[in-house]
Amino acid sequence: MRAKVQMIAAMLLFGSLGVFVRHISLTSGQLALVRAVVGSAVLLAVSFLSGRRPRMSAVRRNWKVLLCSGAAIGFNWILLFESYRYTTIAAATLSYYCAPVLVMLLAPAVLRERLRLSAVACTLAAVAGMALVAGAGPSVAGQPRAALGLGFGLGAAALYACVMLLGRFVHGLTGLESTLIQLAVAAVVLFPYVLATDGLDIASAGTGSLLLALLVAVVHTGVGYWLYFSALPALSWQTAATFCYIDPVSAIFFSALFLGEQPGLWQLAGAALILGAAFGGEWWRGRRQNSAPTPAADSAKNR
């Protein structure tokens with residue numbers, strides 16, 4: 001029961017992320033940098049306090065993969081935050097949840113897996129869902145900014161699909177350990193990028209934005225990941241896969257409640273198609289492999 005409560009709490013935190021990002025005046029790059037620096041520091045403190053320090057020998061064996069995936073995570077966040085600001089939270093979240101479907105398409109080439117009919121069906125369902133989300137409602141249809149927001153969301157999904165596939169090549173590290181290193185790498189990679197583009201004058205954003213940015217970094221990142229990784233070992237893959245979809249559903253609910261972004265009927269139909277495609281594909285994949293459904297779970301975890 002405790003693990004289920006922890007997983008639900010983590011998913012609700014991830015689902016509320018977009019609402020907070022909307023009220024932070026930092027640039028997407030600056031916010032991603034703050035989240036990576038503070039989030040990795042929180043996870044490092046959790047690791048030391050729990051007696052599970054990162055095993056540096058395993059980190060060294062996986063450093064190339066962790067370097068690539070950490071950099072992808074940092075820029076994935078930037079695109080996701082931009083998506084939140086250009087379109088509705090629901091549309092941004094749903095476009096981001098195409099990541100598991102992209103993994104299914106890329107897995108045959110990257111992981112040498114056979115492309116199955118179920119993967120093709122899920123892909124077609126996700127494409128149909130995105131068409132409904134992109135073409136339905138005044139908040140999306142006919143607005144260049146909204147279309148750009150969907151593009152940012154799909155770009156973030158593509159980057160995180162790469163992260164999920166790279167994760168298959170990480171060995172000897174727990175999920176908490178690999179995430180800690182990835183966030184630290186993201187901080188190192190983002191620092192020169194933000195310095196060269198947006199600058200590091202984050203104090204000019206104002207006290208309110210800085211406090212919200214710290215809240216996102218500490219609570220939504222550090223605490224959220226700790227809750228997620230604490231719960232995951234105690235749950236079956238079926239339960240974990242199901243609970244991970246609390247994230248996008250709650251994101252749509254929170255955006256409607258706090259931002260007044262009411263999804264239309266066609267958008268809800270598109271949401272059902274996209275989330276059904278991601279869930280269905282991962283469900284069948286998990287059944288074949290009899291293992292935890294990492295793509296869907298990780299795409300929720302990294303919001």
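**Entry 1**

I looked up L115 and found it partly exposed, with a relative accessible area of 45%. I note here that the model is a predicted one. L115 sits in the loop between helix 7 and helix 8.

**Entry 1. The chain as a whole**

I counted secondary structure next. The chain has 15 helices and zero strands. Of its 303 residues, 51% count as buried. The chain exposes about 12800 Å². Carbon and sulfur atoms supply 70% of that area. For contacts between residues at least 6 apart in sequence, I noted that 89% join residues at least 24 apart.

**Entry 2. Salt bridges**

How many salt bridges does the structure hold? I recorded two.

One is between E261 and R22, with the closest N and O atoms 2.7 Å apart. E261 is in the loop between helix 13 (246-259) and helix 14 (265-289), and R22 is in the loop between helix 2 (17-21) and helix 3 (28-49), so this pair ties together parts that are 239 residues apart in sequence. Is E261 buried or exposed? E261 counts as buried, because its relative accessibility is 15% and the cut-off for buried is under 20%. R22 counts as partly exposed at 28% relative accessibility.

In the other, the side chains of E177 and R55 meet at 2.6 Å, N to O. E177 belongs to helix 10 and R55 to the loop between helix 3 and helix 4 (56-61), so the pair ties together parts 122 residues apart in sequence. I checked burial here too. E177 is buried, with a relative accessible area of 6%, whereas R55 is partly exposed, with 40%.

**Entry 3. S178 in helix 10**

I moved on to S178, which is found in helix 10 (residues 175-197). S178 counts as buried because its relative accessibility is 12%, and buried means under 20%. I asked which backbone oxygen the side chain of S178 reaches. The side chain reaches the backbone oxygen of G175 at 3.1 Å. Leaving aside residues up to four places away in sequence, S178 touches L66 and L173.

**Entry 4. V189 in helix 10**

V189 is placed in helix 10. I found V189 partly exposed, at a relative accessible area of 25%. That value falls between the 20% and 50% limits, which means neither the buried nor the exposed class applies. With residues up to four places away in sequence not counted, V189 touches A71 and F75. I also looked up the pair V189 and L33, which are 156 residues apart along the chain. Their C-alpha atoms are separated by 9.0 Å.

**Entry 5. W226 in helix 11**

W226 is in helix 11 (residues 207-231). I read a relative accessible area of 33% for W226, which makes it partly exposed. Which residues does W226 touch, not counting those up to four places away in sequence? W226 touches L43 and V46. I noted one C-alpha pair as well: W226 and L176 are 50 residues apart along the chain, and these atoms are separated by 7.6 Å.

**Entry 6. Helix 13**

I checked the length of helix 13. At 1.5 Å a residue, its 14 residues should span 20 Å, and the end C-alpha atoms are 19 Å apart, which agrees. I listed the buried residues of helix 13: D247, P248, S250, A251, I252, F254, S255 and A256. An α-helix has 3.6 residues a turn, so residues three or four places apart point the same way. Among the buried residues I marked D247, S250 and F254 for a look in the viewer. Just after helix 13, I found G260 with a positive phi of about 70°. I end the entry at E261, in the loop between helix 13 and helix 14, which forms the salt bridge with R22.

Definitions and conventions. Residues are numbered from 1 along each chain as its sequence is written. This is a predicted model: local features need pLDDT of at least 70, side-chain atom pairs count only at pLDDT 80 or more; totals for chains, interfaces and linings use all residues. Side-chain values use heavy atoms; hydrogens and water are left out. Helices (H or I, at least four residues) and strands (E, at least two) are DSSP runs, numbered from the N terminus. Buried means under 20% relative accessible area, exposed over 50%, partly exposed in between (1.4 Å probe, protein chains only). A polar contact is a pair of N or O atoms within 3.5 Å; within protein, one must be able to donate a hydrogen and the other to accept it, and residues adjacent in sequence count only if both atoms are side-chain atoms. Contact means heavy atoms within 4.5 Å. A salt bridge is a side-chain nitrogen of Lys or Arg within 4 Å of a carboxyl oxygen of Asp or Glu. Accessible areas come from the Shrake-Rupley method with a 1.4 Å probe; for residues, only the protein chains shown count as cover. The expected span of a helix is 1.5 Å times one less than its number of residues.
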